[in-house]
Amino acid sequence: MDKAGKIKEALKRLVKRRPDWGIHSEIHALAKDISEYCGEPKKFAMYLGVIKRIGKNRAYQIFSEIKQSKDIKSRAKIFMYLSKDKKTKMILPIEKGEDNPILRKKSTPIKNITEDILNLIKDMEETMLKLDGVGLAANQVGKNIRIFMVSPNLSEKWVFINPGITKISKKTELMEEGCLSLPNVFIKIKRAKSLKIKAIDETGKEFKLKAEDMLARVIQHEIDHLNGILITDKNSEISKS
Ligand SMILES: [Zn+2]
């Protein structure tokens with residue numbers, strides 16, 4: 001066997017003994033790609049640590065989610081957000097009352113999905129879950145920014161950042177509604193039966209959605225919140241229990 005052949009054989013034996021070598025170099029390459037993509041090549045070691053902790057499959061998944069994000073400045077924050085679960089989720093106090101100035105103010109759009117906003121989203125999810133709400137707007141927990149979330153079913157939560165309705169049906173429906181900010185008030189409100197909406201999700205990705213019936217109603221209710229409108233403003237019959 002010539003020299004090159006011997007080296008090849010020796011390498012084969014080595015790889016046999018250390019089957020994780022291939023994986024190691026893959027994780028290193030992935031950490032390099034992600035840290036560069038997030039604009040933090042100097043923090044390579046930290047990214048490597050995160051990837052080792054969450055596993056390469058999850059890291060690839062998060063990387064592909066970030067690649068779809070339009071929020072370039074927040075890539076690093078979103079990567080960290082998706083790779084860890086915030087330990088202390090809080091149930092936030094709900095702003096209440098028809099004349100509450102926070103509920104009456106028009107909320108402003110979000111420029112960057114900062115770490116504070118990502119933490120707020122986690123806390124809002126926890127709050128909505130614990131209070132059995134089907135929807136929650138950020139100003140209901142004291143922040144006049146354009147975020148709301150809905151819970152279309154028990155296991156899912158959808159986050160809408162800077163939402164805009166792009167189409168709304170002429171067909172309407174009358175149904176009774178309540179609001180976490182106005183306990184014991186239930187009002188029959190006429191709302192559009194279906195709509196189309198676009199928004200950004202918590203990973204910075206833009207999405208479009210067609211909503212009907214209950215989901216369309218909840219979305220209209222939450223967008224009203226972002227514009228300082230409450231169900232008592234709607235011209236319908238009020239029943240207090
Ligand atoms: Zn409400």
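## Overall form

Of the contacts in the protein with a separation of 6 or more, 65% are accounted for by residues 24 or more positions apart, a contact being counted where the C-beta atoms of two residues, placed from the backbone, lie within 7 Å. The structure is a predicted model, in which local features need pLDDT of at least 70 and side-chain atom pairs count only at pLDDT 80 or more, while totals for chains, interfaces and linings use all residues. Residues are numbered from 1 along each chain as its sequence is written.

The C-alpha trace of the protein spans about 95 × 35 × 30 Å along its principal axes. The radius of gyration of the protein is 24 Å, whereas a compact globule of 241 residues would have one near 18 Å; this radius is taken over C-alpha atoms, and the globule rule is 2.2 Å times the number of residues to the power 0.38. Of the 241 residues, 28% count as buried, a term that requires 20 or more other C-beta atoms within 10 Å of the residue's own, with 12 or fewer making a residue exposed and values in between making it partly exposed, the C-beta atoms being placed from the backbone. The protein holds eight helices and eight strands, which are DSSP runs numbered from the N terminus (H or I and at least four residues for helices, E and at least two for strands).

## Two domains

The protein is divided into domain 1, residues 3–83, and domain 2, residues 101–240, with bounds that come from an automatic or database domain assignment. Taken over C-alpha atoms, the centres of domain 1 and domain 2 are separated by 38 Å.

Where the domains meet, 12 residues of domain 1 are in contact with nine residues of domain 2. On the side of domain 1 that touches domain 2, the elements giving two or more residues are helix 4 (56–67) and helix 5 (75–83), and helix 5 provides the largest share, four residues. That side of domain 1 divides into four nonpolar, three polar and five charged residues, where Ala, Val, Leu, Ile, Met, Phe, Trp, Tyr, Cys and Pro count as nonpolar, Asp, Glu, Lys and Arg as charged, and the others, Gly among them, as polar.

## Helix 3

In helix 3, residues 44–54, the residues Tyr 47, Val 50 and Ile 51 are buried. Seen down the axis of helix 3, its buried residues fall within an arc of 100°, so they line one face of the helix; the arc is that of the directions from the helix axis to the C-beta atoms. On the other side of helix 3, Ala 45, Gly 49 and Arg 53 are exposed, and just after the helix Gly 55 takes a positive phi of about 90°.

## Strands and their pairing

Strand 1 (residues 135–137) pairs with strand 2 (residues 147–153) in the antiparallel sense over three bridges, pairing being assigned where DSSP finds at least two bridges between two strands. In this pair Leu 136 stands opposite Met 149 of strand 2. Strand 2 is also joined by five bridges to strand 3 (residues 156–168), again running antiparallel, with Phe 148 opposite Phe 160 in strand 3.

Strand 6 (residues 194–200) and strand 7 (residues 206–212) run antiparallel and are joined by seven bridges, and Lys 198 stands opposite Lys 208 in strand 7. Their hairpin has five residues between the strands, and in it Gly 204 takes a positive phi near 85°.
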